[in-house]
Amino acid sequence: MLLNWLLIIVGALCVLVEVAMGGFAGFDLVLIGSAIAAGGVIGLFAGNPAVGLIVSAALSLLYIALGRRWVRDRLRHATVASNADAVVGQRALVVQRVAEHIAGQVRVRDEVWRAAPAPGAAGPFEPGAEVTVEGVDGVTLRVR
């Protein structure tokens, strides 16, 4: 009986450590801790510490062998450039003169952005010229 309670406590500690550390182990400790605690609970109901230990070990190994990859695939997310980051490297059309100390406007795809020359860029850029977006500074595109 003591071993089953020990399994429950160890499982709970694993969950608490993972939660307290902000998911540093990718929720592995939560799931392994849950498996260990579940084994302890089953061992308590069975009244046999060996059953709790075997169930805890089996569930933990099952998670490591099969569940870990499945959980990691569900938690993984691809990084997609969006909004301002998505325009870096794009070609833009100057719609309002862009010069040093005088911000102008450029059109990237269908959107008009405030633009200024990138550091070291030859300028000014007159309307109708094509430029490349080199970076973003706040809401201003840096163009070359």
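Visitor: Which residue stands opposite Q96 in β2?
Guide: Q105 does. This is a predicted model, in which local features need pLDDT of at least 70, side-chain atom pairs count only at pLDDT 80 or more, and totals for chains, interfaces and linings use all residues. Residues are numbered from 1 along each chain as its sequence is written, and side-chain values use heavy atoms, with hydrogens and water left out.

Visitor: How many bridges join β1 to β4?
Guide: Three, between β1 (residues 91-96) and β4 (residues 130-137). These strands pair too, because at least two bridges are needed. They run antiparallel. R91 has T132 as its bridge partner in β4.

Visitor: Why is S60 called buried?
Guide: Buried means under 20% relative accessible area; exposed means over 50%, and partly exposed lies in between (1.4 Å probe, protein chains only). S60 has 11% relative accessibility, so S60 counts as buried. S60 lies in helix α3 (residues 49-75).

Visitor: What is S60 in contact with, leaving aside its neighbours within four places in sequence?
Guide: Contact means heavy atoms within 4.5 Å. S60 is in contact with I32, A35 and I36. A35 and I36 are among the buried residues of α2.

Visitor: How far does α1 reach, against the expected span?
Guide: The expected span is 1.5 Å times one less than the number of residues. Helix α1 (residues 2-20) has 19 residues, and 27 Å is expected. From first C-alpha to last, α1 reaches 26 Å, which is close.

Visitor: What puts the buried residues of α1 on the same side?
Guide: They are N4, L7, I8, G11, C14 and E18. They cover an arc of only 120° around the axis, which puts them on the same side of α1. The arc is that of the directions from the helix axis to the C-beta atoms. An α-helix has 3.6 residues a turn, so residues three or four places apart point the same way. On the other side of α1, L2, L16 and A20 are exposed.

Visitor: What covers the buried residues of α1?
Guide: The cover includes α2 (28-46) and α3. For the buried residues of α2, the cover includes α1 and α3.

Technical notes: Helices (H or I, at least four residues) and strands (E, at least two) are DSSP runs, numbered from the N terminus.
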